[in-house]
Amino acid sequence: MLPPFKIEQAINQIVREEWGRILAALVASIGDLQLAEDVLQDALEQALTTWQKQGLPKSPSAWLITTARRRAIDKFRRDSRFAKLQPELTYLVELESQADNTDEEMIIPDKRLELIFTCCHPALEEKSRIALTLRTLGGLSTEEIAKAFLDKPKTMAQRLSRAKNKISLAGIPFKLPDDAHLQQRLSTVLSVIYFIFNEGYTASSGNRIVREDLAEEAIRLARIVHSLMPVQTEVAGLLALMLLHDSRRQTRMDHSGNMIPLAEQNRSKWSEAKIVEGTRLLKTTLAKQQVGPYQIQAAISAIHAESSDWESTDWRQISAFYELLYSLQPSAVVRVNQSIAVSYAHSIEEALTLLASVENEDAMLGYQPLYAARADLYQRLGKREEAIADLQQAIELSENSAQAEFLQTKLELLQS
Amino acid sequence: MQYICLIYSAADAGPAPGTPEFGPYMQAYQEFTTLLKEKGALVAGDALQPATTATTVTRENGAIETTDGPFAETKEQLGGYYLIECDSLDEAIEYAAKIPTAEHGRIEVRPIMTFD
């Protein structure tokens, strides 16, 4: 007999690594996300007692799937509400008769792509897509997701259940989009993953530890999608982008939580492993010549990663990449980012002209980075008054305290 | 599954009768309805008289109360519907997007509840 904590540890690890795969396989055979989740939860509870008595089965995942399916058959038979799922029941019973020994190795079909496309369906609210993806593919608990979004667990539980309800009642299909819609749907999936990453990366609010887990989770999700869709260059691009960004995680804040800008980060502490993996992936991807926004942003991040310091950064190349990005994605946000590169590659005046060309766009109303960028440009030009005014605006618009404090210090230096 | 596509648009949006655009607009509706029929997806579909002709009815203590006008006084009003048979929401969305009014109005897609 194994000590209880060992079993719990084993189960936690399985949940961590295999939850998404097991759940996806169950949804594929049961046909209902909520039911699949319920019976998997039941199976996990049963595992806790059974495995303690009998030891770990040869394939814990196969054991969980078989046990969960049996639970589903029970529920189907007992509950008339599942009458409409008759075909699924027949299919399940058939599967059941094939698997007479739960200890046997079972080939678990990988249905995680179907699951992620379902969870990121555009007919669901954006926040629900994110929460659902974290719950079903990441195996995060409702409490963990609530904590990450500073929601009450109850509110998050309601959101998740509403979303699952819609999937089931509105007939959101558990399948991959057809070719005509694939790119658009894929871009929704990728933006969900990138949102999760940014929530973790910018640590804009909430518990920092949970937040960093989100960045890891996003990378893990991108790895899954990349492994299942290796030909999609933007998936690889996003994975490379996140790896490269994440390589700087340890240096972005000092011990007291103060923000350290890229220019002042200790580059020797950047994660070499992530930089190597990110750049290697990016190179092989760019060679396929199907460039997209994520790949370009990854390329910009790679230039920073390869530069030994801020001054020797190849700003001309960065500016050129932003120009390319703007041609694919003509947004004012791109121009704001580009202005910094332009100020070093060409001149501060040119950078200010670039900002002036977009500052009246709707998207720029209350857009903090615009003011922060312009304050920096004015300061470098020696236009103290203008810099102070923009800094004050930027502080007011800051979404997190680390950012506000960083700018406040800058402001105080200027005013002294 | 059955879905209802509720067609909403503002009174002043879209081609008005008597303008050169109106003919092709009606033609597009005919073509769309034919497409639904050919695919075996059409259950029912109708255009409605304008919202100004609507009467909203309720019952207060057994007495019938009526108000002139639609239930909700919004800019966009219900102008028609299609009831369609589809495999999934994806298919329903695909059809809804082909409704000519989707160009200037909005289509609400709702699954029909079944009791079994």
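Good morning. I begin with one pair of helices in chain A: the crossing of helix 12 of chain A and helix 13 of chain A is left-handed. Please bear in mind throughout that this is a predicted model.

The residues that meet in this pair can be listed by helix. Helix 12 of chain A contributes A:Ile275, A:Thr279, A:Leu282, A:Lys283, A:Thr285 and A:Leu286, and these meet A:Gln295, A:Ala298, A:Ala299, A:Ala302, A:Ala305 and A:Glu306 of helix 13 of chain A. By class, the residues of this contact are seven nonpolar, three polar and two charged.

As for geometry, two packed helices are described by the angle between their axes and the distance between the axes. Helix 12 of chain A covers residues 272–286 and helix 13 of chain A covers residues 293–306; their axes come within 10 Å and cross at roughly 135°. Helix 12 of chain A is therefore oblique to helix 13 of chain A, since an angle counts as roughly antiparallel when over 145 degrees.

I turn now to the domains. The assignment for chain A gives domain 1 (4–98), domain 2 (313–362) and domain 3 (366–416). How far apart do the C-alpha centres of domain 2 of chain A and domain 3 of chain A lie? The separation is 19 Å. Across this boundary, 12 residues of domain 2 of chain A are in contact with 10 residues of domain 3 of chain A.

The size of an interface is often given as the accessible area lost when the parts come together. For domain 2 of chain A and domain 3 of chain A, about 1100 Å² is buried between them, with 75% of it on carbon and sulfur atoms. On the domain 2 side of chain A, the residues that lose the most area to domain 3 of chain A are A:Val336, A:Ile348 and A:Leu352, which together account for 43% of what that side buries.

Next come two further helix pairs in chain A. Helix 17 (residues 368–381) of chain A and helix 18 of chain A have axes that come within 8 Å and cross at roughly 155°. Helix 17 of chain A is therefore roughly antiparallel to helix 18 of chain A, and their crossing is left-handed. Among the residues making this contact are A:Tyr371, A:Ala375 and A:Tyr378 of helix 17 of chain A, together with A:Ala387, A:Leu391 and A:Leu397 of helix 18 of chain A. This contact has eight nonpolar, three polar and three charged residues.

Helix 18 (residues 384–397) of chain A also packs with helix 19 (residues 401–415) of chain A: their axes come within 10 Å and cross at roughly 155°. That makes helix 18 of chain A roughly antiparallel to helix 19 of chain A. The crossing of helix 18 of chain A and helix 19 of chain A is left-handed. The contact includes A:Ile388, A:Leu391 and A:Ile395 of helix 18 of chain A and A:Leu407, A:Leu411 and A:Leu414 of helix 19 of chain A. Here the residues divide into nine nonpolar, three polar and two charged.

Finally, chain B. How many helices and strands are there in chain B? Chain B has two helices and six strands, and from the N terminus on its elements run β-α-β-β-β-β-α-β. Along its principal axes, the C-alpha trace of chain B spans about 50 × 50 × 20 Å.

Thank you for your attention.

Key
Residues numbered from 1 in each chain as written. Chains lettered and ligands numbered in written order. Predicted model: local features only at pLDDT ≥ 70, side-chain atom pairs only at ≥ 80, totals over all residues. Heavy atoms only, no water. Axes fitted to C-alpha atoms, helices over the stretch in contact; angles between N-to-C directions. Helix = DSSP H or I, 4+ residues; strand = E, 2+ residues; numbered from the N terminus. Parallel < 35°, antiparallel > 145°, perpendicular 65-115°, else oblique. Left-handed = near helix turned anticlockwise from the far one by under 90°. Contact = heavy atoms within 4.5 Å. Nonpolar A, V, L, I, M, F, W, Y, C, P; charged D, E, K, R; others polar. Domains from an automatic or database assignment. Buried area = accessible area lost by both parts, 1.4 Å probe.
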